[in-house]
Amino acid sequence: MRTCFICFGLTIFCSIISIAVTDTTNANGFALGTQYIYKYATHTEVNAKKIGQERQCSAQNNFEPAGRELALGVRANVLVAPIWQDPVNPQTKLIQCQISNPMANITKASSTFDLSNTLSSTFYIQISYGKIQGFYTSRDTPVNSMNFQRGVASLFQYQTGHWQGSEQDASGNCQVKYIPDRHGVHKAKSGCSSPTGRDLAREETILDVSTDSFSRLHYKLQDDLVESCEAKEVYVSEVSSLREIGIIVQSSQHLHLEEQLDSPQQIIQAANVKDAIVLVQNGGPKLIPMPLSSELEPVPPKDIKFKNLLSMFKRSLKSDALAKESAAMAFLRILPVIESLPRTELISTLSDKSWKDIMPQMMDLLGASGSQEAYEAAKELAAGNLELLERYFWSVGQVTKPRESFVKDVLKYTQQTKESKQVLKETLILTLGTLARRIPGTEVADEVFQWIAKSMKTCKSEPCYLQFTRALKNLRSSKCIPILLDLLHSGNTKITIEAVKVLKVMPVSLMDQRVKTTLLTLYQDPRADSIIRTTSAEVLLQMKPGVNLFREILSGLDTNGSDERSLYITNRLLEYATSDPYLAQLILDHVNNQKINWNLLSNGGMSSTFSRTLASTLSGNATFSYGMEIAKKLLKRSNFEVTLRNDKEQAKLLQLDIFAGGLSSFMDSANSDDEGAATAGMELTILGNSLRPFVFFESMSDLISLYWSGKAEEKTSALKGSQLLHNNARLVHLGNGLVLDTKTQSCLSYDFSGQAKISMWDKTCQAVVENSAALVLSSEANIMAPWSQSKDSKMSIKHEVTSHAKLNLEAEIDVGSEDPQLCIRMQVPRFPVRYATTKWHTNGPTVIGGWKPVKRTQTYEVASPGKTLFLNWKNCELCTKMYPKRTK
């Protein structure tokens, strides 16, 4: 019994100690009847990131801005007086805060200026155990001034002991950590997010904007009362694919206790804080509870006449302006306006016949906006014009984060589209797959997959299976794997080829042992089409095969003679190994044990694959991969891929596949592997959105008609348009209450054109393919001044990058002799990349001060020299053979 009493006593003692520690940890030192006068100052600088500067933030980093910074500062007195205390819980208090004598200074301002008419204000905070539980201010307070109040209020939220958890302040919901020591209390904030914040980003992170930040506060306390507080915050962002483009925001806050006086404020007697607020506002301004997180001042849209804007840029929107910088610039200027316009205005303006010649480009813009209003307008404007509707849905496929309701409408529209409109129907199905991929885990994404899977079960023809299989290529869900495995066993060559191509773009993490086993079986099947076997090998190599599987792949290669399939796979293996250390080590191990030998590497065929660098920047590079598979001296397929890479990630920007078949009749000898109708075409994938195949001809009669009409010899655009590439928007809530509004967008305007001169008599062909593209990237960051009204005073930085590049491919083929000849030349003409950085301060009518707006622009240009790209030694030999050196 005595032992029990002792235990009971110890338990009570520990509980008392625990309560005491809790009270001490969360105590605030404000006492009723006392007024505390603090000196407050905040300073914020915005600048462009210095080229080559590392992004990582830390408290020790000393950033070197590029040029002179933009800055604004505010100083004020803050009068703090507790006016109510909970009669049950003394740790819960209502505190009145008055901002008085606010003064501001701005970059290049000759002096400070008084903000008493705009920032002098009173607000109230409810504090309980060191946390702000309520924030109350006048309903008439402008948003930017209210944000300034939130920044001041947040400094009075602190703990006095070790504590870690979640807090809400002016920056939003943050993870915080308190560490006390002999110098005071140190507070670290991270992972802040605001429920009202905007965060729009692409799934391809290399086409996104990467960010980093840190926030540190140091409190000096006296009897749990804030004696001083020093806060420092740094935010850095950069365009991942172009790290030369970035901003640095540095802000600081200083709070220092000047004196304590008897409070002139009357102490309120109330049972709860709600009643206390009622008594406070009795006879005074109406107080409303507000979230402590800062918010963006709503800005009325600019009064821009849509018709006038179109007139201004009409010349840049015409078809012949595509793939030029002016077209990309016009796209970025018009897009924000279209995003805000109602359906009625879009229709009333664009239905005018004067805009008929720019309607294809307007469909690009309507699709890129991703808005419901633009969707309804596009359907009405393009009613009966399948080409315009298809152009719209190609652009919709690049929407960064489509709304679920929008995807539901597209699904319904697709289901209602008649099979007779086959071209449009296939484009809709493919677009649905891409849209569903960009909203993973949602109910509508699952609904899209279920509809595709159900539709495939009702297919009765090969084209039906093919179009839905391509939709799975855009969807790329783990749910697709069982369907693809069934298609691989279908026994239909075209369907199996399409299914293997889907697996090639699927994330490796989604594929299991069943996929490996099936692909290996297809690879080892000598009766399977060579494209099935080579693509299966490519997928297996991407899956980082183990030693046993790697040996199975090697054993399927022919080391005798000129086996085109084995040559293609061997070259692809060597190409992958240049960027994959795991494969490189496997190759080295098997060279040492002679599993890879000279007989394998010296195959005398013409098939080839290789990668080369197109352009390099400080951020990384753009590379292309080219593959060509030959069957009995005829092109069976070729693929051209452009990939953006940096040290951490990569994204496939463009993939162009050319296919051909049934052309063996042009050769003197028959080709049993090239049976069927004469056909040729291309498949294009832009940023993971596969478009329907473009067929050049489907029979020998089509080819003869194309030849005699002379259309093949005319320069013809296979595909052209403008697409939104980067699309990032983010609100960053700084600790001092200011809001950083950032937006990064880029437009790629392109034109893929070609022409061919064919002689059926000489059996020769000269083909030229011109891939032209213009890029305009715009990245802007704005911070509203706390005294600003409707953006009348702000500081801003804008980066703009423009470039225009070409990639020309020339091919000459002569199959009229016993020894066919081939020469391919790939050239990149010289192209400049122009950079412009503009910094400016605007001065609004609410500011009283003798200073003028500041605006500075810095520009520079980096030129990439023109060059002829080295393809491989085989091509060099063939070109030398076709064009032998002339000797005197």
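Helices (H or I, at least four residues) and strands (E, at least two) are DSSP runs, numbered from the N terminus. In this predicted model, Phe640 lies in strand β17, which covers residues 634-645. The chain as a whole holds 24 helices and 29 strands. Of its 888 residues, 54% are buried. Among contacts between residues at least 6 apart in sequence, 69% join residues at least 24 apart.

- Phe640, a residue of strand β17, has a relative accessibility of 8%, and because buried means under 20% relative accessible area, Phe640 counts as buried.
- Leaving aside residues up to four places away in sequence, Phe640 touches Phe624, Ser625, Tyr626, Leu654, Gln655, Leu656, Asp657, Leu807 and Met826.
- Ser611 is 29 residues from Phe640 in sequence, and the C-alpha atoms of the two are 9.7 Å apart in space.

**Disulfides: count and pairing**

- The chain contains three disulfides.
- When the bonded cysteines are numbered in sequence order, the pairing reads 1-2, 3-4, 5-6.

**The disulfide of Cys174 and Cys192**

- The sulfur atoms of Cys174 and Cys192 are 2.1 Å apart, and the two residues form a disulfide.
- The torsion about this S-S bond is about 115°, so the link between Cys174 and Cys192 is right-handed.
- Cys174 belongs to strand β8 (residues 172-181) and Cys192 to strand β9 (residues 184-193), so the bond ties together parts that are 18 residues apart in sequence.
- Cys174 has a relative accessibility of 1% and therefore counts as buried.
- Cys192, by contrast, has a relative accessible area of 36% and is partly exposed.

**The disulfide of Cys459 and Cys464**

- Cys459 and Cys464 are joined by a disulfide, with 2.0 Å between their sulfur atoms.
- The angle about the S-S bond of Cys459 and Cys464 is -60°, and the link is left-handed.
- Cys459 and Cys464 are both buried.

**The disulfide of Cys823 and Cys879**

- A disulfide links Cys823 with Cys879, at an S to S distance of 2.0 Å.
- Cys823 lies in strand β26 (residues 821-828) and Cys879 in helix α24 (residues 873-882), so this pair ties together parts that are 56 residues apart in sequence.
- The torsion about the S-S bond of Cys823 and Cys879 is about 95°, so this disulfide is right-handed.
- Cys823 is buried, at 2% relative accessibility.
- Cys879 is buried as well, with a relative accessible area of 16%.

**A further cysteine**

- Cys229 has a relative accessible area of 0% and is buried.

**The hairpin of β7 and β8**

- Strand β8, which carries Cys174, pairs with strand β7 (residues 163-169) in the antiparallel sense over seven bridges.
- Two residues stand between β7 and β8, and the two strands form a hairpin.
- One of the bridges involves Gln164, whose partner in β8 is Lys177.

**Helices α5 and α7**

- Helix α5 (residues 306-317) packs against helix α7 (residues 343-350) at an angle of about 45°, and their axes are 10 Å apart.
- Angles under 35 degrees count as roughly parallel and those from 65 to 115 as roughly perpendicular, and α5 and α7 are therefore oblique to each other.
- The crossing in which α5 passes α7 is right-handed.
- On the α5 side, Phe306, Lys307 and Leu310 take part in the contact, where they meet Glu345, Leu346, Thr349 and Leu350 of α7.

**Helices α8 and α9**

- Helix α8 (residues 359-369) and helix α9 (residues 372-381) have axes that come within 9 Å and cross at roughly 155°.
- This angle makes α8 roughly antiparallel to α9, because angles over 145 degrees count as roughly antiparallel.
- α8 and α9 cross in the left-handed sense.
- From α8, Met359, Met363, Leu366 and Ser369 meet Ala374, Ala378 and Leu381 in α9.

How values were computed: Residues are numbered from 1 along each chain as its sequence is written. This is a predicted model: local features need pLDDT of at least 70, side-chain atom pairs count only at pLDDT 80 or more; totals for chains, interfaces and linings use all residues. Side-chain values use heavy atoms; hydrogens and water are left out. A disulfide is a pair of cysteine sulfur atoms within 2.5 Å. Buried means under 20% relative accessible area, exposed over 50%, partly exposed in between (1.4 Å probe, protein chains only). Two strands pair if DSSP finds at least two bridges between them. Axes are lines fitted to C-alpha atoms, for helices over the stretch in contact, and angles run from 0 to 180 degrees between N-to-C directions. A crossing is left-handed if the near helix is turned anticlockwise from the far one by less than a right angle, and right-handed if clockwise. Contact means heavy atoms within 4.5 Å.
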